[in-house]
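Visitor: Hello! Could you walk me through this model, chain by chain and helix by helix?
Guide: Gladly; let's bring it up and take your questions one at a time.

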Amino acid sequence: MTVREEKAYSSTPLQPIMRQGTDWSLVILKVQRIIGRILLYAVLASGAVLFAIPLVWMVSTSLKPDGLVNNMPIVWIPPEIQWHNYVDAWNTSVPPFTTFYANTIFITVMNIIGLLVSSSLVAFGFARIRFWGRDGIFLLMIATMMLPKQVTFIPIYLFWAKIGLVNTFWPLIIPEWLTNGYNVFLLRQFFMSISTELDDAARIDGAGWFTIYSRILIPLTKPAIGVIAIQAFAWNWNNYFDPLIYLNEPSKLTVAVALRLFQTQQSAHIPETMAMTVVALIPVLLVFYIAQARFIQGIVISGVKG
Amino acid sequence: MQKSKLSRRDFLRTSALASVGLALVACAPAATTAPAASGGAAAAPAADVTTIRWMSRASAEENPIIQKHMDEVFSAKNPNIKVSIEPAPEGFEQKLLAQMVAGTAVDIFEAWGNIFFNWTERDLLLDIQSMVDRDLKDEQVKDYNDFQWQGLQMQGKRIGMPKYINVMTVTVNKDLFEKYGVDLPPEDGKWTHDDYAVMAQKLTEGARKAGNENQWGGWKPAWSWDRFWNTVYMFGGGIVDQKYGTKCLMDTKESQAGFQWMYDRIWKDNTFAQPGEIEKKWGDDALAPGFVAFIEDGTYPIGRDKKLGDAKVNWDMRHVPTGPTGKRSVLGTTDAWSITKQTKHPEEAWKVLSYLAGTDFQDAITVGLQGLIPVQKSRIANFITTVRKVRPSLEKVRLETIDELLKWNYAEDGFWFKKQQAAFDLINPALSKVFEVGDVGPEYLAELTAKVNASQA
Amino acid sequence: MATQISVRPASSAGPTRKSSQRRRDNIAGFLFISPWIIQFVFLISAAMIVSLGISFGETDLFNGYKFVGLANYVRMWHDELFWKSLRVTAYYTFVLVPAGIVISLGIALLMNQKVKFVGLWRTLYYLPSVVQGVAVALLWGYVLNPRFGLLNAGLKVIGIQGPKWLFSETWAVPSFIIMGLWGAGGAMLLYLAGLQGIPTPLYEAAEIDGANSWNRFIHITIPMLTPTIYFNLLLNIIGSFQVFTSAQIMTDGGPNNATLTQVLYLYHMGFVNFQFGYASALAWALFVIIMVFTVLVMRSGNSWVHYEGDLKK
């Protein structure tokens, strides 16, 4: 690694400038660098303001009394900060949010494991093995994503009801364990951007497909695996429709469903809703932060900077 | 690479392991199924206990209290029935329809007019008329308000029992009236739409003179399918010729005058706020931040008094003014509880349903917990005292208005075409064009009449 | 990196070994994709066939089924609202998808720089794509409010009188496009992962050849990212054509059907009007429309998507 970096730094792409005189070119380089940095941070910061507004607004709203929610212009800092909104919201529902979190964590963790295993296997099959009907089946898989859920969920519900699994976590977990087109397609793209020469070499050595899958492709596509884990977490954590449809008992609900139980026609409870939305967002952001640090390291493109 | 030879066996073994894992996990949730919703002091276990599943729209806060009440009070009286609440947030219609297709629908659910109408058309709701005739005394039936009792009879079937009362009044922000030196509407309701327009005008002018560009006289959701027609009625017009009729009346002179009145307030004088100027959906969202001095909207502020209290809005309620014909009309909603047709326990479900619409539950939960108006006329006086005890801020609010409103009997449940949804699908976008966007006048609604008539053929 | 061994392909073996190898590959292939096959056979296929069957009939799902042949599809042809919803959906898709790709790729490139606290920046940009439910609807209500909204306040600063956004038939769809773009951080993640996979030696070689950073971007970064771009393009087309939840929550198709997306329309036809036959026909029409664009993109993909490990090579 170190060798490569050194090499990148010592290479001399700017030689034409250097010829004009060492001091001068160094100054230009430095100024360029500084301007570049300033521009970079300016763009980053202004973008971040746009993208951070939701969080700021949600936190602000969660600390307000109900009566200030609709004020315009927005009251960003409420005169009396209502920390108790968080405690109230957590505890007023029975069962308390602890139960909803336990349910959601269970489902989400199960599904991440299932999705990672199944989608990488299936994607490997599509990306690496030549088998009968492969391209047709792949297109079929993509096609299944093109029919709106609104016309298919009732037959699927019927299936789960007939085998008696409504009001269990099963209808939420099993489909994820059997993968979906989105994740398979994504991983297939990453697998396909890795040269087949490695497979061929391994096969000459007598390695089977499973070895190539587990020993070569998986280690080389760690970032993609990380992406799938992050997205699977966020998707399952926030999934509203399926838990709404399949779970009946209050003690089985997930966080996403419970969040909508503050608001009814008679009671708005926006601050409480926002408080719990903020709390529900934290795990998603934490997982993202940790996973991106783990799977998507800093700069690898040594050439693009400066 | 010593493992390389094992490739396929390896794979098979792994997948076998995975499926065992899957099977193991299968047991986990199944095991947690056992301790179901056995909360509360369980009723004396009877030999045959029927569980009635109730899909409730109440909030996370309220549901547990309601569950407890049903366990402790209802099941004590009816030891053979246990009620189990299943919360139903947004999207519950899809869930319930899926359940109905699968034959596993809850026994009781709650909804409102247009859902009931469409579902009655598909014969999805139990006709409870015979049970009502058998079990309810005449005076009990007469104690319900006409607009609800009649409204819940759809296409010849009685499809539900009223849940609570929500009627439209003029809710005023007294401080703003005082600030701009405008008289409050009279308590006895003796005022007209001309007075109404002048009041909105004065309030708006007052705000402008005070340098407040972001304040208007009033707010009325004329763009909403259930709120636009009452002005038309008061002007002597109509939407459809009769209940479940087919002839659209939006083009008559009277109807057009009613539409014009609303259109002018919103788009000509702008003394009523435009939807884009403030909040579109809820009146109290406009009232709480002081955007408007009054709203013509439902009785939600009673249940949401804390919000208005937080915002320090000093509010009160008045009758809507009469129209040029001397007629007064507002929406009274038909929110109700209903029994699904496929229930396996119609008798037990009816027991629960009649309990919910009975006085005990109405006093304890509808009024005591939710601050809603009970469905029995005889309970209104009691409601006023009870709700003031639970919510002291209502001491200053003239709740007697509601009592009078129900006695004067001017609440209605709206218009019903024979093919209501077909008419809705045409009228809704037009309403939004006239009142929400404002780029066409009420004549657009008159031009629509022929199309609406055609949709009923 | 392992040294690149130039291998003789397995095809050098005799014909019998070749066919037995092919059979084994067939078996292995199906074993690998078996999870999805199970899902398809047990869950998806039946649901799809049922809905296709329903699309040729009249049913409210409860009171019988009457076969009407292609009547629902003929009706669609004459249905103004179908065409309107198609225009709304296409407008939304064909602006949002390319704009989304450019913006999320741009963010990803920024986030791939040597920046202090890069993890925090990334998290911040990712945030909007995972905010859910009630919060989104409320927040956008305040951002897009014509009079007080943050967006128009911002425009005022640069001297522009902002439009009425969700309260205008013209600006309602652009409002949804803006909302969609705000979630660009979700796709940023994919590009970041894609950038990880570009081998550094490629850049080094180019640098030695004197390529400047723009050239390196055009000739290395972009080609190497084409599999990810291709994925985003296809999946966003598939997803955007089915836009539903935001339109349902924010406007329910209004004002005057200006945001009546196709799925919102078919949802309304099914779950409100109980015309599930027509709703299914609308869904299958959408299926065909998406399929046409998907196939077009897939066809074009052969000429611009670059796979290092393409089996077809």
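Visitor: Is the crossing of α9(A) and α10(C) left-handed or right-handed?
Guide: First, please keep in mind that this is a predicted model. The two helices to look at are α9, residues 181-192 of chain A, and α10, residues 213-241 of chain C, whose axes come within 9 Å. Where α9(A) and α10(C) cross, the hand is right-handed.

Visitor: How many charged residues does the contact of α9(A) with α10(C) have?
Guide: From α9(A) come A:Tyr182, A:Phe185, A:Leu186, A:Gln189 and A:Met192. Facing them, α10(C) brings C:Pro227, C:Thr228, C:Tyr230, C:Phe231 and C:Leu235. By class this contact has eight nonpolar and two polar residues, and the number of charged ones is none: no charged residues.

Visitor: How are α15(A) and α4(C) oriented to each other?
Guide: Here helix α15 (residues 270-295) of chain A packs on helix α4 (residues 118-126) of chain C, with the axes 10 Å apart and an angle of about 135°. The crossing is right-handed. An angle of over 145 degrees would count as roughly antiparallel. With about 135° between them, α15(A) and α4(C) are therefore oblique.

Visitor: Which helix gives the largest share of the side of chain A that touches chain C?
Guide: Between these chains, 99 residues of chain A are in contact with 93 residues of chain C. The chain A side divides into 69 nonpolar, 21 polar and nine charged residues. Its largest share, 12 residues, comes from residues 22-62 of chain A, that is, helix α3.

Visitor: How many nonpolar residues are on the side of chain C that touches chain B?
Guide: In this contact, 20 residues of chain C meet 20 residues of chain B. Helices α1 (15-55) and α12 (262-272) of chain C each supply at least two residues of the chain C side. That side has six polar and four charged residues, and its nonpolar residues number 10.

Visitor: Which helix gives the largest share of the side of domain 1 of chain B that touches domain 2?
Guide: The domain assignment gives domain 1 as 50-165 + 333-395 and domain 2 as 169-332 + 412-455. Their contact takes 19 residues from domain 1 of chain B and 13 from domain 2 of chain B. On the domain 1 side, α4 (113-121) and α7 (146-151) of chain B each supply at least two residues. The largest share, four residues, comes from α4(B).

Visitor: What distance separates the centres of domain 1 and domain 2 of chain B?
Guide: The side of domain 1 that touches domain 2 has seven nonpolar, 11 polar and one charged residues. Taken over C-alpha atoms, the distance between the two centres is 29 Å.

Visitor: Over which residues of chain B is the pLDDT below 50?
Guide: Chain B averages a pLDDT of 87, and 89% of the residues score at least 70. One stretch has a pLDDT below 50, although the model gives this stretch 51 contacts beyond near neighbours in sequence. That stretch is residues 1-46.

Terms used: Residues are numbered from 1 along each chain as its sequence is written. Chains are lettered from A and ligands numbered from 1 in the order in which they are written. This is a predicted model: local features need pLDDT of at least 70, side-chain atom pairs count only at pLDDT 80 or more; totals for chains, interfaces and linings use all residues. Two residues are in contact if their C-beta atoms, placed from the backbone, lie within 7 Å. Ala, Val, Leu, Ile, Met, Phe, Trp, Tyr, Cys and Pro count as nonpolar, Asp, Glu, Lys and Arg as charged, and the others, Gly among them, as polar. Domain bounds come from an automatic or database domain assignment. Axes are lines fitted to C-alpha atoms, for helices over the stretch in contact, and angles run from 0 to 180 degrees between N-to-C directions. A crossing is left-handed if the near helix is turned anticlockwise from the far one by less than a right angle, and right-handed if clockwise. pLDDT is the predictor's confidence in each residue, from 0 to 100. Angles under 35 degrees count as roughly parallel, over 145 as roughly antiparallel, 65 to 115 as roughly perpendicular and the rest as oblique.
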